[in-house]
Amino acid sequence: MRYGFIIDQRKCIGCHACTVACKQENGVALGDFRTWVKYTEKGTFPNVARNFLVERCNHCDDAPCVDICPVTALYKRGDGIVDFSGDRCIGCKSCMAACPYDAIYIDPDTHTIGKCNYCAHRVDVGLQPACVNVCPVEAIITGDLDNPGSRISQLLSLEPTVVRRPEKGTRPKLFYLGADEAAVNPEATAERSMYMWGEPDPEKPIRITDAIGYVPSGMVQRNYSVSHRRPWGWHVSAYLWTKAIAAGVFLVAAILFLIGGTSNSHSLFTLVAPLVALLFLGVTNVLLVMDLERPERFWRVMLWPHWSSWLVIGAYILAAFGAFVIATGAASLFGWSDIHRVLLWPASALAVAAACYTAFLLAQAKGRDLWQSPILPVHLAVQAAIAGAAALGILALILDRGASRPIGVVLTLSLAASLLLILSEINLPHVTAQTRQAIHNMTRGDAALPFWGGAMLAGTAIPLVLSLWGGAGGPAFVVALAGLFALAGIGVYETMYIRAGQSVPQS
């Protein structure tokens, strides 16, 4: 048995009865929606058509929200319904990033997730979902997709239907009859600053198209929808920054120590670096917990793990990395040099894993095409090398200026590699329109100035020149200054990258 939906947009009149019934049945808070109706307008004035599209959870057969959830708060029932448990949810919002349909929200009362669950409580007692009962034109058809005798199966076999975002491979079970392509594809229409029935801003002149919804020749516009949700904010950007420092400072110090980069920096590489790594690892964990809507439930990630989620895998990697950092630091402190050298190898491997695992977590966020880049793991490792060399360069100015030169060489090489990776990311051809739009938003939209001025010029080009000077034998303060610029640049880049990945609407 696999329950699914067909929405006949040929019949839909855009009355919002389904939205109201859903909110009433499930106690959905003001401003949030489990089902909603999007209006798009298309045509040449005065021959303009308004198209409706009823949107909600697609109850995917291969649901990315289920895979990424670290505590199985989202799960697929035996009848194909993707349901959720507010009692399990920790409010990490990873499911919101994974959903290609903007179908999940955070309930402001419980601070846990909410979405269409096919009115599972009604289905279990033999009733239809509330939206089906109230639709005045019977535009919503439900039933068992595996039953060839059901009305929904017969319609699917006889009528051409479309689904939203089939390229995501989620195998959605929400099908549309007669839906306009401009309504189905969110990239076909731009978000507007004001929707119809909205009050105009008295500070801005109102065009006729903004005031009454007329469409000029050849235009397609989204005239009414729900707000686009951006689940991850500064906590995630900051966590990427602190994690890069934690992993990078240990890794670079371990490499320089093992290859004998300098003979005078034993304490900097073997004692100070692990302490700095532990400090920033602790800050990373604090940021991760702070970003949860239910931070008091953070322990469930470790005790009730869902092993398909890279959030869980990452948590265990960070824990193991922290344990090995403590062990290597202790071995160095007590003078156990042989044990220290042996421990450096697995600890360094865990440092690389700690730096890179977020790439696989972001890849599970299938709703964000920008984050599906195959070079992202490499880029995160390079950023960790930059952050580690930058932090060590600053510390060397205080503790051991003789170590500045090899640190400057590492910083130069990693900055050069990062520059090539960023230029490749933004200039190589991109398969999806969403990725192209996200890159445009980051490099030419509102984020263009901080991206080019902050991340690229001040955060990459300037420290690259300074580190070249320092690595070639320049004064130690030059390497430290390059490190300051580089650390700031990584922070700006991560902020722009996380923001751009969520800047393209999913619905």
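Two strands pair if DSSP finds at least two bridges between them. By this criterion, β1 and strand β10 (residues 174-177) pair in the parallel sense, over four bridges. The model described here is predicted.

The protein chain has 507 residues, of which 57% count as buried. Its secondary structure comes to 18 helices and 11 strands. The C-alpha trace spans about 80 × 50 × 40 Å along its principal axes. Among contacts in the protein chain with a separation of 6 or more, 73% join residues 24 or more positions apart.

Strand β1 belongs to an open sheet of four strands. The order is β8-β1-β10-β9, and the pairing is mixed. β8 and β9 (161-162) are the edge strands, each of which pairs on one side only. The parallel partner of β1 is β10. In that pairing, D8 stands opposite L177. On the other pairing, β1 runs antiparallel to strand β8 (residues 140-144), and five bridges join the two. G4 has G143 as its bridge partner, and I6 stands opposite I141.

Strand β1 (residues 3-8) is mostly covered, with six of its six residues buried. Y3, F5 and I7 point one way from the strand. G4, I6 and D8 point the other way. Both sets are buried. D8, the residue opposite L177 in β10, is thus among the buried positions, because buried means under 20% relative accessible area and D8 is listed as buried with the rest of β1.

Pockets were examined next. The largest pocket holds about 490 Å³ of space. Its lining comprises 24 residues. N285, L288, V289, L311 and A315 lie nearest its centre. Five helices each supply at least two lining residues: α9 (234-258), α10 (266-290), α11 (300-303), α12 (310-333) and α13 (337-364). The largest share, five residues, comes from α12. By residue class, the lining divides into 19 nonpolar, four polar and one charged.

The second largest pocket has a volume of about 350 Å³. It is lined by 17 residues. The closest to its centre are D369, Q372, S373, P374 and T435. This lining divides into six nonpolar, six polar and five charged residues.

Several individual sites were also characterised. T460 is placed in helix α17 (residues 448-471). T460 counts as buried because its relative accessibility is 5%, and the cut-off for buried is under 20%. A polar atom of the T460 side chain lies 2.8 Å from the backbone oxygen of A455.

A73 lies in the loop between α2 (64-68) and β4 (74-76). With a relative accessible area of 1%, A73 is buried. Its C-alpha atom is separated from that of S85 by 5.0 Å. Not counting residues up to four places away in sequence, A73 touches D83, F84, S85, R88 and C89.

Two loop residues other than glycine have positive phi values. For H59, phi is near 45 degrees. H59 is placed in the loop between β3 (47-56) and α2. Its relative accessible area is 1%, so H59 is buried. For Y118, phi is near 65 degrees, again in a residue other than glycine. Y118 is placed in the loop between β7 (113-114) and α4 (120-123). At 2% relative accessibility, Y118 counts as buried.

Methods
Residues are numbered from 1 along each chain as its sequence is written. This is a predicted model: local features need pLDDT of at least 70, side-chain atom pairs count only at pLDDT 80 or more; totals for chains, interfaces and linings use all residues. Side-chain values use heavy atoms; hydrogens and water are left out. On a 1 Å grid over the protein atoms alone, a cavity is a set of points where a 1.4 Å probe fits but cannot get out, and a pocket is an open set with protein on both sides within 12 Å along at least five of seven lines; lining residues have an atom within 4 Å of a point. Grid points are joined across faces, edges and corners, and a volume is the space filled by probe spheres set on the points. Ala, Val, Leu, Ile, Met, Phe, Trp, Tyr, Cys and Pro count as nonpolar, Asp, Glu, Lys and Arg as charged, and the others, Gly among them, as polar. Buried means under 20% relative accessible area, exposed over 50%, partly exposed in between (1.4 Å probe, protein chains only). A polar contact is a pair of N or O atoms within 3.5 Å; within protein, one must be able to donate a hydrogen and the other to accept it, and residues adjacent in sequence count only if both atoms are side-chain atoms. Contact means heavy atoms within 4.5 Å.
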